[in-house]
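Please look over the structure shown below before reading on. The paragraphs after it take up selected parts in turn.

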Amino acid sequence: MLPLDSALSSLSSFLSLLSSSISSALSSSSSLLASLSLFFSSLNYSLPSSPSALLSASSSLYVSSSLFFSLPLSSKSTSSLSVSSSFGNLSFSRAYWVSQKLLAWNMEIEHAQFSMFASKNANLNLSAGGVKGEDLVIQLEEEQGRLPIKVIEKFPHIAHYKALKLPDGLDKKYLVKSQLAIACIDADGIPVDATGIQLPGVLDDLFSYDGPLGPIFTQNSVMLHLWAPTAQSVCVLVYLSPSGGSLLESVQMKEDNGVWSVCGPKSWEGKYYLYEVTVFHASTQHVETCLVNDPYSRGLSANGERSLFVDLDNGSLKPEGWDSLAGEKPQFEAFTDITIYELHIRDFSVGDKSVDPNLRGTYLAFTLPDSAGVCHLKKLAESGLTHLHLLPSFHFAAVDDNKENWKFIDDERLASLAPDSEEQQAQIVTIQDEDSYNWGYNPVLWGVPKGSYSTNPNGSSRILEFREMVRALNSIGLRVIMDVVYNHLHASGPNDKDSILDKVVPGYYLRRNTDGLVENSTCVNNTASEHYMVNRLIIDDLLLWATEYKVDGFRFDLMGHLMKNTMISARNALDRLSREKNGVDGAKVYMYGEGWDFGEVAHNGRGINASQLNLTGTGIGSFNDHIRDSVLGGSPFGPPLQQGFVTGLSLQPNEHNHGNKDDVTKYLASTTDWIHVGLSGNLREFVFTNHEGLEVKGSEVQTHDGVPVGYAGSPKETINYVSAHDNETLFDIIMLKAAKEVPLEERCRINHLATSIVALSQGIPFFHAGDDMLRSKSLDRDSYNSGDWFNRLDFTYESNNWGVGLPPKEKNGNNWPLMKRLLGNPSLRAGKHHILSAHENFQNLLRIRRSSPLFRLGTANAIQARVCFHNTGPSWIPGAIVMSIKDGDKGMPGLAQLDPLYRSVVVIFNARPSEFVAPISALKSLPLTLHSIQEASSDARVKTSFYDASTGTFKIPPRTTSVFVEAR
């Protein structure tokens, strides 16, 4: 309850100072701030010490003569102090201009009158009599019935809103450049409500555009085009230098139907530029003049301070053989032949002493054929790895492009500290926002390579060096996948230096809630691909990277926050690219991403989104979190000790209370069905025998909250994985979940076992860099900003980075007591022989997968006909999965022959801490032998695997994956 009696006297001293713009009052009236402070101190609510600080504070405050007061709406929203009448609030935008002729507002008042108000100079304000300060007022007519279907499909979250019709003859292109508001007056002429208006619907209806954007180079000129239909004025400012220096020229651009353009001289090439955009910004309620990069920039100066006029077709920016690279790329027949290895550009080389210090952490480190890291990648490629997934490499925030500004820690000092010390993370945290490290999931501008990974962040070096990296990786047998982050932007508003799109067309590129505030469910500043020009920008950007940088695939961060239509349109656009016309075979470019369904888009809340369940049949892959959680146990959001199939669930429990024995055994059986589904490509229609002995489809196997486990229509739509850059590394999660008494040797075997499930599954296997080297981040569950220290890779195989101190407290502090016990235990530190064993095992898994097309079946029908699971039903032996894959014989009826070497393959995953012995009647009398790759391996345990053809009995040693083959 607000202590209003004690506060009224304080409040009254500043009410008289309120005007139509509280912001201007704040900037000119220290007495107002003092009164505000006095008032809120009586409420135990402190204010910033200065007017400017108040304006930028992380809260939203609304004050009116009716003493309406609202606490902060969102910890991430930009705050403002705004005048509000008792009947409305123009700081919100609760109405929608959904098409040329219609507005929508959630206002149900009988016999009401509705009006729209416009002010080019943003003079609208509220008084007791209604909206004032307008240049124009427009009477609206109430429409009968629902909003049109087309509108509801685009804006399903406002399907129930009232439709209001605009009169004919309005200059709508003028109106969208103004501050707009809508007001409601009841039958007695009393104002009821007033609010601002969201514009994306009408902007799409009036200004959707498919023509040129960004810089276009001809023999004699440079053309610029900028889509900015709400802008009142746009100039291009041209500079000679990347930063500072004097302005060379300012040129007014001309508008044609929302697109501003100018034709400049060829001499602009190599110079820098910015746009000066004058536009109304709803977040400040002012007409703002912003300096902003070109959203279609093709080059940048350091930190994106200015855009660079650069022609990507300039021969000086092309490595030798660049134009013919498409014909030299590593070949594969189908997407199910792909195997992915996920890697951060800086992690790859920053600690590699075989790399020139000036090239560590850069694109060019991938071009050094004899470095330890490149040699490591060569070995993986020779074994069967096909694609290297690089974490974000576009222009992102949080890492200064200027290396001279980076701060460093004393590695030798940190290395001298105890393996479970708090000191390492304490030192890392002090510089974590000023060092050289970040994952990069904070996008600023999508279409330009990140400058901090280049040898020179100014000029065009980053362009040439990125291309050289792609060419070098292709030359060693690896195609390149780019991690793209289209679901959100790092910044918004008119003032943040990293805000670009929201300065050009405020409120359009970002998805907003029904109050008009930016949605932040992704983390911050969600984008709105349901808007035409957002959708277009995403597709244009993908085509840019595919054609100009010859990228071979795209991984979509939080793909479920994009619309399904965007993903399908992108897939179709890529498929249209040809080697003859575009220098790339677009049909070979793979697309996949995180199909999580949450936030405002959940359950198709903003249209049909690109979630796991919605992408069936599109050919677009999504990460299969069900196999990850069932193999390892729990989820990234649950207790860290929760166990799964390989980590000891039921069979070697840790101290976590998983429930009574019967429930745990049943849970192991039911989640093993999830693995069965995952091993068969996570297909929704795949039929198999479940743990209860019933014939079920993959979609009929469900998680604890009723979500279908199987969702894919074909195996190329499934990305099977157990680890990625997010959350703990595979080795670390095993260290957490394994029972105390499990020795290091067995924990290493668990690591091997988990990777084998991924490697030998149908679908597309995905591995985190270092899965093959027992990589540790010293138990850090979120190392996005933990510096080089916690993220290091060692390609000399001397260390896996375990026990380099407790991980940063912010994300890990709650589990420090558990972590301290593990990190401080010297018996859990892996040696070089452990790492080399893991590396060999991983290479062997890749070789085995490549050795037979039976592991890479391309269709759901082929998987249903050939893949079978044994040791199922109520009598199963817990902790073991038996999978057979059969082939046909050439010229014989039945299955077609795919494999020239093997008639059938049997894989047994034994996660038990003891030997698995079982007769499999369906596999009796087959002439099976252990795969020659395993026979030749240095793993003595796997060589003891045994099969008796006369009884069909298999004997598989503890924590071992054995592959048997029937040779032709």
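This is a predicted model: local features need pLDDT of at least 70, side-chain atom pairs count only at pLDDT 80 or more; totals for chains, interfaces and linings use all residues.

Residues are numbered from 1 along each chain as its sequence is written, and side-chain values use heavy atoms, with hydrogens and water left out. Helices (H or I, at least four residues) and strands (E, at least two) are DSSP runs, numbered from the N terminus.

The sheet comes first. Five strands make up an open, antiparallel sheet, in the order β33-β34-β35-β40-β37; two strands pair if DSSP finds at least two bridges between them. β33 (867-870) and β37 (928-930) each have a single partner strand, so they stand at the edges and one side of each lacks a neighbour in the sheet. From one strand to the next, the twist averages 25°. Four bridges link β33 to β34 (residues 880-886) in the antiparallel sense, and V867 has I885 of β34 as its bridge partner. Across β33, β34 and β35 (902-910) lies helix α18 (residues 661-679), which runs at about 25° to β34.

Next come the helix pairs. Two packed helices are described by the angle between their axes and the distance between the axes. Axes are lines fitted to C-alpha atoms, for helices over the stretch in contact, and angles run from 0 to 180 degrees between N-to-C directions. Helix α19 (residues 730-737) and helix α20 (residues 744-759) cross at roughly 125°, their axes coming within 10 Å. That makes α19 oblique to α20; angles under 35 degrees count as roughly parallel, over 145 as roughly antiparallel, 65 to 115 as roughly perpendicular and the rest as oblique. L730, F731, I734 and M735 of α19 meet L744, R747, I750, N751, A754 and T755 of α20, where contact means heavy atoms within 4.5 Å. By class, this contact of α19 with α20 has seven nonpolar, two polar and one charged residues. Here Ala, Val, Leu, Ile, Met, Phe, Trp, Tyr, Cys and Pro count as nonpolar, Asp, Glu, Lys and Arg as charged, and the others, Gly among them, as polar.

In the second pair, helix α9 (residues 372-383) packs on helix α24 (residues 832-851) at an angle of about 30°, with the axes 8 Å apart. α9 is therefore roughly parallel to α24. On α9 the contact residues are H376, K379, L380, A381, E382 and S383, and on α24 they are H839, F842, Q843, L846, R847 and R850. They divide into four nonpolar, four polar and four charged.

Strand β24 (residues 443-449) is mostly covered, with seven of its seven residues buried; buried means under 20% relative accessible area, exposed over 50%, partly exposed in between (1.4 Å probe, protein chains only). β24 runs antiparallel to strand β23 (residues 394-396), and three bridges join them. F394 has P449 of β24 as its bridge partner.

Q285, in the loop between β18 (272-281) and β19 (286-292), has a phi near 65°, a positive value in a residue other than glycine. Its relative accessible area is 17%, so Q285 is buried. L558, in the loop between β26 (553-556) and α15 (564-575), also has a positive phi, near 40°. At 12% relative accessibility, L558 counts as buried. H626 sits in helix α17 (residues 625-632) and is buried, with a relative accessible area of 6%. Beyond its neighbours within four places in sequence, H626 contacts Q612, W674, N682, T703, V707, P708, V709 and Y711.
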